Amino acid sequence: MSGSIFEDVDVYIDSLFTPDEDILSDVLSRAAAAGLPDIHISPGQGKFLYLLAKMIGAKRILELGTLAGYSTIWLGRAMPPGGKLTTIEIDPVHADVARTSLEEAGLSDRCEVVTASALEALPKLEGPFDLIFIDANKESYPAYLSHAVRLTRPGGLILADNVVRRGAVLGNSMDPAVIGAKAFNQALASHPRLEAIVLQQVGRKGHDGLAIARVKDS
Ligand code: DHB
Ligand code: MG
């Protein structure tokens, strides 16, 4: 054990609920070898996304920001047979790493990596999706949200990573990522078609938050 109590408990929880698995650890090694930043979600966060997707029986999933495909694998595995996940990644190197990872995870038939800017791809996408996971450029989170509401079915979920930013959302930071997260949270809280909350998260990924919103039925 090392690090803060929050990290240690995070590792403890993961050791119980997310057994080590070669496919997932290979994704992280492949990502590191290709020089990708170590900003993947944690195993426990992956399990949480997986459970949310399963709870609503998600068959059509959209992800914005693929990185190495780590979260993609968790979400892809949650879908029943016939499910289809589209994940959008702006960086072609990241997209290639993710395609290899999805192939290794046996999910290539169900999960498609689209190399594009999410902002450019979103207007061309057709819904409805059961679940949308936002984890791309933080500055563009408010714009992603408008599209996500249009593209998600009633009763569907919109999730977004990194909306607390180590508490920086409390201050007057000029960091575009923080400004994006604050505007996103504000829009989420006041949107007439959404019921939402932000879950503060601490652990091996530091201090951040996951937004969870459900599109109202009518
Ligand atoms: C960071 C973390 C993330 O999960 C992400 O999607 C982007 C950046 C970060 O810690 O900088
Ligand atoms: Mg993230």
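Three helices, H1 (5–17), H2 (22–33) and H4 (70–78), each put at least two residues into the lining of the second largest pocket. This is a predicted model, where local features need pLDDT of at least 70, side-chain atom pairs count only at pLDDT 80 or more, and totals for chains, interfaces and linings use all residues. Residues are numbered from 1 along each chain as its sequence is written, chains are lettered from A and ligands numbered from 1 in the order written, and side-chain values use heavy atoms, leaving out hydrogens and water.

**The pocket**
- The second largest pocket holds about 230 Å³ of space.
- Of its 13 lining residues, Thr18, Pro19, Asp20, Pro43 and Tyr70 sit closest to the centre.
- By type, the lining splits into six nonpolar, three polar and four charged residues.

**The magnesium ion (ligand 2)**
- Its protein donors (N, O and S atoms within 2.8 Å of the metal, or 3.2 Å for Na, K and Ca) are Asp135 (OD), Asp161 (OD) and Asn162 (OD1), at 2.0 to 2.1 Å.
- Along the chain, these donors follow the spacing D-x25-D-N.
- Aspartate 135, in the loop between E4 (129–134) and H7 (141–151), and asparagine 162, in the loop between E5 (152–160) and H8 (176–190), are 27 residues apart, so the pair links distant parts of the chain.
- Both aspartate 135 and asparagine 162 are buried (under 20% relative accessible area, 1.4 Å probe, protein chains only).

**Serine 117**
- Serine 117 sits in the loop between strand E3 (111–115) and helix H6 (118–121).
- Its relative accessibility is 16%, so serine 117 counts as buried.

Notes: Helices (H or I, at least four residues) and strands (E, at least two) are DSSP runs, numbered from the N terminus. Buried means under 20% relative accessible area, exposed over 50%, partly exposed in between (1.4 Å probe, protein chains only). On a 1 Å grid over the protein atoms alone, a cavity is a set of points where a 1.4 Å probe fits but cannot get out, and a pocket is an open set with protein on both sides within 12 Å along at least five of seven lines; lining residues have an atom within 4 Å of a point. Grid points are joined across faces, edges and corners, and a volume is the space filled by probe spheres set on the points. Ala, Val, Leu, Ile, Met, Phe, Trp, Tyr, Cys and Pro count as nonpolar, Asp, Glu, Lys and Arg as charged, and the others, Gly among them, as polar.
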